[in-house]
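Take a first look at the model below. The paragraphs after it go through the parts one by one.

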Amino acid sequence: MIRIRTLDQLHIAPGARVFYRVDYNVPLEGTRITDATRIEETLATLRILRERGAAVVIASHLGRPKGERNAKYSLAPVRERLAELTGLPVQWADDCAGADTSHLQPGELLLVENLRFHAGEEKNDAAFAAELRKLADVYVNDAFGACHRAHASIDALPRLFPKESTAGGLLLARELEFLQKVTNISERPFVALMGGAKIAGKIEPLEALMNLADKVLIGGGMANTFLAARGVPMGGSLVDKDSLDVAQRIMEGHFRANLVLPEDLVVADSLDNPTEIDEEAVVSDGYTDEEKAFDIGPRTVRLYEAELKDAKLIFWNGPMGVFEKVQFAKGTMAMARAVAEADAITVVGGGESVEAVKASGFADRITHISTGGGASLEFISGAPLPGVEVLREG
Ligand code: ADP
Ligand code: MG
């Protein structure tokens with residue numbers, strides 16, 4: 001059992017400044033925030049910190065500016081939305097390094113510009129962490145989605161505070177509570193549903209899941225790669241060529257779980273302008289160069305539904321198809337319903353997976369929606385998360 005120091009254990013002296021590391025890596029269209037969930041989810045911790053008399057210095061990354069200032073990745077739109085959501089003024093510092101926080105009064109909020117405008121953030125640089133250390137007296141981390149990265153604000157920075165002045169916020173504590181339910185599995189069958197675009201980056205967690213779960217159901221681009229590795233001609237479908245060997249290895253290996261692959265797929269001649277769609281193109285026939293697989297087919301949906309129906313524990317990462325297009329959303333939406341309707345503990349993690357579950361209308365029937373895709377996968381696979389390790393009790 002992993003226990004971290006939590007807010008109720010944290011001593012906050014009157015007027016103390018809290019460095020609050022959040023994950024405000026919100027989806028943007030230009031400067032418009034298309035989904036503010038990540039901001040909304042921090043409001044409870046913010047309220048507690050303010051009630052306890054803290055001034056809060058809020059810090060986040062946004063996108064991948066690669067260590068350089070880039071207006072495209074400014075947190076300015078987040079500042080506006082945060083002010084709306086809290087009904088409070090949100091002060092602003094144009095640079096996280098060297099921001100003046102000395103004047104902050106109890107209850108005041110200050111958002112600092114994107115941490116990743118400094119190369120030191122992703123390098124876990126000690127000097128950059130020391131700069132950030134000057135901003136506050138207390139450290140609170142709620143950026144679960146970034147906890148699998150040893151970055152300066154996640155790893156080096158909290159080490160510069162006295163242990164008793166560091167804690168995880170409500171969001172982080174909640175993530176750990178639910179994800180540990182999945183790893184301390186007592187509920188079986190445990191069915192994992194995996195999809196998304198690629199296998200690369202999900203290999204280790206996938207192998208770990210193969211040893212934890214009873215069934216691993218594969219969809220999305222990930223299924224294409226497995227099928228290609230099995231020798232099925234995948235035509236023009238997205239196949240993660242660099243992962244064919246791993247896919248083969250997983251299929252040939254001895255694991256606890258059975259790997260289940262689609263029996264049919266929805267194929268079309270084009271993603272953006274499909275003129276010909278075959279909704280139930282069976283896998284055993286293989287696919288021509290004009291055919292691209294964008295979703296799982298109805299037979300596969302029924303097969304996976306039956307597996308999920310009996311599950312007592314379900315973990316889902318990665319959409320079953322290109323659900324962003326209505327023509328290719330059926331498989332993902334059917335899985336969202338099946339996961340919601342299962343009499344099971346259900347956990348969904350991953351940026352697009354969460355988006356899909358919300359679009360399906362079944363989000364409130366999922367036990368736990370994880371804010372961190374990569375982080376939840378790594379945690380479940382048993383990898384220590386730097387941002388969590390540093391906050392562990394004892
Ligand atoms: P998550 O963010 O939930 O971890 P990923 O980022 O791995 O998921 O993958 C999500 C993306 O995978 C979606 O945007 C979806 O359009 C894409 N995808 C799923 N299936 C396919 C497919 N068959 N071909 C191409 N892209 C796919
Ligand atoms: Mg994603």
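A residue counts as near a molecule if one of its heavy atoms lies within 4 Å of it. By that rule, 19 residues surround ligand 1. The closest are K202, A293, E324, E352 and S353. Keep in mind that this is a predicted model.

A polar backbone atom of A197 lies 3.2 Å from an oxygen atom of ligand 1. At A293, a polar backbone atom is 3.1 Å from a nitrogen atom of the ligand. N317 takes part through its side chain: a polar atom there is 3.2 Å from an oxygen atom of ligand 1. How much of the ligand's accessible area does the protein cover? On its own, ligand 1 has 580 Å² of accessible area, and the protein covers 82% of that.

Now step back to the whole chain. It is divided into domain 1, residues 7-172, and domain 2, residues 185-381. Their centres, taken over C-alpha atoms, are 34 Å apart. Eight residues from domain 1 and eight residues from domain 2 make up the contact.

The size of an interface is often given as the accessible area lost when the parts come together. Here, domain 1 and domain 2 bury about 710 Å² between them. Carbon and sulfur atoms account for 56% of it.

The rule finds one salt bridge between the two domains. D35 forms a salt bridge with K358, and their closest N and O atoms are 4.0 Å apart. One residue pair is in polar contact between domain 1 and domain 2.

Key: Residues are numbered from 1 along each chain as its sequence is written. Chains are lettered from A and ligands numbered from 1 in the order in which they are written. This is a predicted model: local features need pLDDT of at least 70, side-chain atom pairs count only at pLDDT 80 or more; totals for chains, interfaces and linings use all residues. Side-chain values use heavy atoms; hydrogens and water are left out. Domain bounds come from an automatic or database domain assignment. Contact means heavy atoms within 4.5 Å. Buried area is the accessible area (1.4 Å probe) that two parts lose on being put together, summed over both. A salt bridge is a side-chain nitrogen of Lys or Arg within 4 Å of a carboxyl oxygen of Asp or Glu. A polar contact is a pair of N or O atoms within 3.5 Å; within protein, one must be able to donate a hydrogen and the other to accept it, and residues adjacent in sequence count only if both atoms are side-chain atoms. Accessible areas come from the Shrake-Rupley method with a 1.4 Å probe; for residues, only the protein chains shown count as cover.
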